[in-house]
Amino acid sequence: MKLNAAQQEAVDTLAGPLLVLAGAGTGKTRVVTHRIARLIQSGIRPNRILAVTFTNKAADEMLHRASAMLKKRRRERPEISTFHSLCVRILRRGISHLGYPAQFAICDRGDQESIARAALREIKAPNSALRPGELLYRISRWKTVCVSPTQAAATAATDKEHLASAAFRRYQAALRAAGAVDFDDLLLLTDELFRRFPDVHQDEADRFDHLLVDEYQDTNAVQYRIVKALAGGHRNLCVVGDDDQSIYGWRGAEVRHILRFKRDWPEAKIVRLETNYRSTREILDWANRLIAFNHLRHDKALHAAARGEPPRVLQLQTETDEAEAVVADIAARIATEKRRPRDFAILCRTNEQPRAFEAELRRAEVPYVLLGGMSFFDRKEVRDVLAYLKLLANPRDEVSLLRVVNTPPRGLGPALVRRLLEAAVREGKPLWELLPVADRHVALTPAARTGIGRLRELLGSLAHRARTEPPARLARELIAEVGYYDELVRQYPNPEEQQARWASVEEVVNAIGAYERRAKKPLLAGFLRDVALSGTDEDRQKESKLKRDAVVLMTLHAAKGLEFPEVYMVGMEEGLLPHHRAAGEGGAGIEEERRLCYVGVTRAQRRLTLSLALTRLKWGKPRPTHPSRFLYELAGQADNPAYAVAMRGGEPKATKSRRPGKTSRGKRGRETG
DNA sequence: GACTCGAGTCCCGCC
DNA sequence: GACTCGAGTC
C-alpha cells in the first residue's frame, strides 16, 4: 500500500526539526520505519541514526521492522533503544565522573520498596503517616522535575512532605552507598553528566546526525532535556506523538512538551496524520466524541474509511457475570464466526481485574495470554535468588544483603540485624564489612556466629569467581549451597506449591543460561543489568506471544500501540475508569483518564464492546457501582441526567435509573447501540 | 527467634 | 478479600 500525502511528507522531510502529530491508527509505525529507511537511502550511515522509544516492546518492534526494510545485510545498524537503555550505555562510560562505580547496579521496583521502607524506619516515621508506595511516588515526582532532597525539604509545607523529603534524603544516600541507581536516576544522572561535563555531552551528541523520538507526548522533564541536549547541535530531530494519547502524567510525562514543540524549535515543520486506517467509522465517531470533552489538546479529528457496526454496551449484575458474559461472547464468535482467539483483546483499568476473566477463560478453555501485571520478578523466590546473585556482584548491595541475611534462617533475627545496622551506621561502614567483626559490636548467639561465618565464606568465594566466570554455573552452585530447595520445602507444606516455586528458581537459572548464549562476555553483573532493564527473554517472548493464537488480557496502559479486530473494554464504571484516585487530582486527572479511555477505544479495528457490572466486590463486599461518565460521552448522551450523577462519581447512590442504553437487568445483559 | 492470631488498611497505571 | 503489622506465646 502506498503512503498517503501526509505520511509521504513526514517520510521525506529529512533535515531540521519535525513534529509528526500522528493520531491513533494513522500509520505512525510505517512512517517511522520508512523514514529510517529513507534516511539511509539518502546516504546517511545507519549508525548515525538514533531512535528512542519508551518501551522495550516498541524498540523491538521498530528494530524488527527497520531491519526488514533494509533488506541488504549491513554491518551498521541504526541505534534503536529505550530512553533507559540509552542512558545505561551513556552512564556506563561516564558515571564514574559522578562518583558512582562503573559497575553500578540498577534497582528494580522491589528494591526501591525495601529501601523506602528502611528509610522510613530510619526517620522513625509512624507507620500510618507515610506508606512506602506513596513515598516512592513522591520521590519519583521530585526526581522527574530534578528536585534534590535539599530542595524538597526547603519547599515542604505539610507534615507528609517533611517526612517524605527526610526519607528522600535517606533513600538517596542508601542508593549511593550501595553504588546503585533507580530508574529515575538513570535519566537524572545522564542529564547531570551532560550538564557538568560538556566534553562527555559533546562526545555523545557527536555520535549521531539524526534523532527520532517516538511517543513524544510521554516525555518527562528530564527526557525532554536529554533530547534537547542530543539534538541541539544538528537539529535533525523528528518527534512523533499524539497529545490525545498522553497517559503517563503520573510518572511525570508532560503533554505540554508536544504542545509547545514549535516554540522550542521555531523552524520546525509540523505534519498531521489524520487518516485512520485501523478502525471503522462507527468506532471513531465514539472516540472523537469522547476526546472532544478534553480541553488541553490540539484540536483534531480522525477520519476513517471503513464502515462497520456500532459499539455495544453490555451491562451485567456482578463482575463474575461480566467475565462470564464477555468470555461467552468471545467463545461464541470463535465457534460460529470463524474468528481466531488472537483477534480478541480484553482491556482493563487495573491489574486486579483480569483475575475474574482468567478464571472464566480457563473454564471455557479459550487460550489466552496475560500481559503485564505480576511479573515473574515479583515472586518471592525469584527475588530471593536474585538478591543472592546481586550480592555476589556487589557485596555493598545492602538491600539484597538484608533480604537474604536470614533466608533461610541463620539465627539472625530482626532484632540482631537492627543492632548490626545501627553499628554499621555508627562506624560509617557498609553492613557487609561489619559482618566479619560483628562480634565486637553486638552479642551474637552461637547460631548467629556460625550463620554469618558460612554466609561470608560462601559469598566471598563465589563473588571472586563471579568477576571472571560465566554466571549460570555459579548460580546453580549458590542455590545448592544455600539450601534454597530445603527452605522452600520448609516454608511451603503443600508439595504442589513447592514444585511451582522451585520451577521459578530454575527459571532464573535458565534465564542466565539464555543470557550466556547471547552475550559476548557473559558476566553476572551484565545479566543483572539486563534483567533490571527489560526482564528476561521469557518476558520478551511473552510479548511476542502476542502473535500466538490467544485472547490477550491486559491493562489499558499496556495496550497502547497495539490493535485488535475485536476489543472488549471491561469495568466501565465510575471509580474504575475514571479511577477514583484520578478524581482527587482535579480536572487534569479526569482528562488523563479520558485519554486512557480513548486509547482503549481506538485499539479496536472492527468491533468494540464496552461492559460494566452493577455491583463489584470491593474490600470483600459487593458494592453498587455507577456507569462511567465516559459511556455517556462516547454514546453522545451527555444530556442524560444520569451523566451529571456519574460526574459526581456516582452520588447520590439512590439514582439507579437511566443507564446508558437503558438495559434490562437480565443476567446476560443486553446489547445496546 | 520463630510462629500464630486478630486488628486495621485498602498500594491505579510502568520503564 | 488479601495483605501487613504488632502483640502475645512457645
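Of the 23 residues around DNA strand B, the ones that come nearest are Trp 250, Arg 349, Thr 350, Asn 351 and Arg 490; a residue counts as near if one of its heavy atoms lies within 4 Å of the strand. This is a predicted model, so to speak for local features I need pLDDT of at least 70, side-chain atom pairs count only at pLDDT 80 or more, and totals for chains, interfaces and linings use all residues. Residues are numbered from 1 along each chain as its sequence is written, chains are lettered from A in the order in which they are written, and side-chain values use heavy atoms, with hydrogens and water left out.

Now the polar contacts, meaning pairs of N or O atoms within 3.5 Å. Trp 250 has a polar side-chain atom 3.2 Å from a base nitrogen of DNA strand B. Asn 351 places a backbone N or O atom 2.6 Å from a phosphate oxygen, and for Arg 581 a polar side-chain atom is 3.1 Å from a phosphate oxygen.

Next, strand E16, residues 604-613; strands are DSSP runs of at least two residues, numbered from the N terminus. Nine of its 10 residues are buried, so E16 is largely enclosed by the rest of the structure. Buried is under 20% relative accessible area, with a 1.4 Å probe and protein chains only. E16 pairs in the parallel sense with E11, residues 312-316, over five bridges, and in the parallel sense with E15, residues 564-569, over five bridges; pairing requires at least two DSSP bridges. Arg 312 has Thr 609 as its bridge partner, and Glu 566 has Arg 607.

Technical notes
Buried means under 20% relative accessible area, exposed over 50%, partly exposed in between (1.4 Å probe, protein chains only). Helices (H or I, at least four residues) and strands (E, at least two) are DSSP runs, numbered from the N terminus. A polar contact is a pair of N or O atoms within 3.5 Å; within protein, one must be able to donate a hydrogen and the other to accept it, and residues adjacent in sequence count only if both atoms are side-chain atoms.
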